[in-house]
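Have the sequence and the model open side by side as you read.

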Amino acid sequence: MVRLWVANTDPDWFDFLSTQARIDEVNFWQPTGSFTFGAIQPGELFLFRLKSPRNAIGGYGVFSHASNLPISLAWEAFGVKNGAPTLETMRERVGRYRTVDSPHEDYMIGCRIVVQPVFFPSDKWIPQPASWSRSIVVGKTFSTDEREGRALWDATTGLDAPAPYAGPGFTEHEQPRFGEPTLIAPRLGQGAFRVAVTDAYQRACAVSRGKVLPALEAAHIRPYAEGGGHQISNGILLRRDIHSVFDAGYVTVDEDFRFVVSDRVRTDFNNGNEYRRLHGTTLFLPQAPANQPDRTALRWHNQERFLG
């Protein structure tokens, strides 16, 4: 049994994203970030239900992660994948659904991160479920062990599903087709990686324990461009300056999860005391063992990047 979340979808969000090329992830935002989303779990389907007068399913994706973030951080993580060309436009659209005290307020919004999104061309939109009620404000959960839920799964993902569209440059064979209902391993994009790592580390720097969210960044242990993936286990949440010296090789993390500082910070810059006093610190780690730093990736960073 797999669940599907059918979400009422802002038309401007959908229309903008459906014309973008090669969108690997989207932030399906909610105007307020005051509750935890638990309608479905990662790997289940998130369907885009288009409001009246369309009253149809216009696309779907794989649910990856839910979080509540300041709107500035949501924009920094996802950019146009928030469904708007600029942060100012995004603020205007969020403002249609909530009261904003100041145009510069960095208020919290709900972020429902959906990866591997598919947008159907308008002539292939799928009729909304017969049980859909006009009173539904946010969305509704369906299950594949029920008739309507299974019909939705087959209509969106099956071999007879309409040809997907995700802007110029995508070919049909690049789009997902999943067959029998099952959880789908979400392929994280850069934005999803950043948010997932941030939450896995409970929004605290793994080394300094600092919790000033705008100063924290998700560092890849092995860079994506050099064979590393967007998995949480290939990431560490670090204060921005520590992230920079980590990428530059002046610091690393050993396989016992201890912070190691090269003497090169002193010899190269005649300084570095703010990092040297953290030498030997044991990292604050995610609770889930699967999310903790991968030792193979740490070994790579020690051997290939660290200036020991």
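## About the model

This is a predicted model, in which local features need pLDDT of at least 70 and side-chain atom pairs count only at pLDDT 80 or more, while totals for chains, interfaces and linings use all residues. Residues are numbered from 1 along each chain as its sequence is written, and side-chain values use heavy atoms, with hydrogens and water left out.

## The overall count

Side chains of opposite charge can pair when their charged atoms come close. A salt bridge here is a side-chain nitrogen of Lys or Arg within 4 Å of a carboxyl oxygen of Asp or Glu. That rule gives 19 salt bridges. Among the residues involved, E76, R194, E217 and R240 are joined in a network.

R3 and E44 form a salt bridge, at 3.2 Å from N to O. They are 41 residues apart: R3 belongs to strand 1 (residues 3-9), and E44 to the loop between strand 2 (25-30) and strand 3 (45-50). Strands are DSSP E runs of at least two residues, helices H or I runs of at least four, numbered from the N terminus.

R305 and E226 also pair, at 2.6 Å from N to O. Here 79 residues separate R305, in the segment after helix 9 (295-304), from E226, in the loop between strand 8 (216-220) and strand 9 (235-239).

D268 and R264 meet with their closest N and O atoms 3.1 Å apart. Both are in helix 7 (residues 264-269), four residues apart, or about one turn of the helix.

## Buried or partly exposed

Buried means under 20% relative accessible area, exposed over 50%, and partly exposed in between (1.4 Å probe, protein chains only). E44 is buried at 2%, whereas R3 is partly exposed at 25%. E226 is partly exposed at 37%, as are D268 at 36% and R264 at 35%.
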